[in-house]
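Please look over the sequence and the structure shown here before reading the notes.

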Amino acid sequence: MKCDLHIHTRYSDGFHSVEYVIEKAASKNLKAIAITDHNSISALPDARRLAERKNIELITGVEINCEGTEILGYFFDVTYEPLLKIMEENAKSIHDVTMQKFYWLKDNGYDIDLKDIMHFVGPNKMLQATHLALELKKKGYVPTLQDAFSIIIKKIKIDYRPKRYPTKKVISEIINANGVAVLPHPWYLPPTIRNDFEVYISKLKEQGLVGIETIGPHNKEDDKIIARFSEIAKEKDLVETGGSDFHGASYFPENKLGEYTVNYSVIEKLRKKII
């Protein structure tokens, strides 16, 4: 009854096709999965058809950028226009910002080509910073993707900033679409928020948040703080969820599909939180 509720495909910044993801999930004997591409549900039609053939339950999912963090949405109505508008505007804004970063890199002496970068991009043709990181690594500027982000991309200075909806708005529209909202990978939050996490999560719960990821790939030194997140989730009656945050072995080798899982009872608990 194992389930992986955080998976990405080429429709956002994952490396693999929907077909690969479903085959991999089947090989891991997963009962249910959620494809949670960034600001996109384009993978869902194919994923639903292929998952059904493999007797895997596909949970409707997405990971949406908002102010200061990201929010996972599950079970929502995929035809609900206000939520689709947020996803579309987010994806376009991130694409535009990434283009500005590309031009900055070109202007500062990095020998990269847009055509080469676009080979990494999926069918929706929306660029993300990970695609720049892949090209920088391929050209030998850094040994790893993490280095591309921490050494090169981090120092890019551009005036353009991505549009970000308030977290309250994103959670509200997920609820309006008959879905539930979950906070992903809180161990990635800035130290200022992590150090005052109880206050932060209380505010999100007031806005309608129903769950927190407490299972997922992380550094060993984060074990203690994740244990604290788990305690807070129990205190606040929030569902503890999790998944691999799979992107592909070429991206983040530690994010292995099916290795970080939750029991099917977590899905049942989330369903009960639907208003």
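The notes below cover the pockets and then the salt bridges.

This is a predicted model. Its largest pocket has a volume of about 1,600 Å³, and the second largest pocket holds about 240 Å³ of space. The count of salt bridges comes to 17.

**The largest pocket**

- The lining of the largest pocket is made up of 43 residues. Nearest its centre lie N65, E70, F149, H185 and Y188.
- Two or more lining residues come from each of these elements: the strands β4 (61-66) and β5 (69-74), and the helices α3 (81-107), α5 (129-138), α6 (145-152) and α8 (191-194).
- The largest share of this lining comes from α3, which gives 4 residues.
- By class, the lining of the largest pocket has 17 nonpolar, 15 polar and 11 charged residues.

**The second largest pocket**

- The second largest pocket is lined by 17 residues. Closest to its centre are N39, S40, M87, E88 and A91.
- The lining of the second largest pocket divides into 8 nonpolar, 7 polar and 2 charged residues.

**Salt bridge between D222 and R194**

- D222 and R194 form a salt bridge, with 3.8 Å from N to O.
- D222 is in the loop between β7 (211-215) and α10 (223-235), while R194 is in helix α8. R194 is partly exposed, at a relative accessible area of 21%.

**Salt bridge between E198 and K236**

- The closest N and O atoms of the salt bridge between E198 and K236 are 3.8 Å apart.
- E198 belongs to helix α9 (residues 197-207), and K236 to the loop between α10 and β8 (239-242). This pair also links distant parts of the chain, 38 residues apart.
- E198 is partly exposed, with a relative accessible area of 31%.
- E198 and K236 are also part of a network of salt bridges that includes R228, E231 and E235.

**Salt bridge between D237 and K273**

- In the salt bridge between D237 and K273, the closest N and O atoms are 3.3 Å apart.
- D237 counts as exposed because its relative accessibility is 52%, which is over 50%. K273, at 26%, counts as partly exposed.

Terms used. Residues are numbered from 1 along each chain as its sequence is written. This is a predicted model: local features need pLDDT of at least 70, side-chain atom pairs count only at pLDDT 80 or more; totals for chains, interfaces and linings use all residues. Side-chain values use heavy atoms; hydrogens and water are left out. On a 1 Å grid over the protein atoms alone, a cavity is a set of points where a 1.4 Å probe fits but cannot get out, and a pocket is an open set with protein on both sides within 12 Å along at least five of seven lines; lining residues have an atom within 4 Å of a point. Grid points are joined across faces, edges and corners, and a volume is the space filled by probe spheres set on the points. Ala, Val, Leu, Ile, Met, Phe, Trp, Tyr, Cys and Pro count as nonpolar, Asp, Glu, Lys and Arg as charged, and the others, Gly among them, as polar. A salt bridge is a side-chain nitrogen of Lys or Arg within 4 Å of a carboxyl oxygen of Asp or Glu. Buried means under 20% relative accessible area, exposed over 50%, partly exposed in between (1.4 Å probe, protein chains only).
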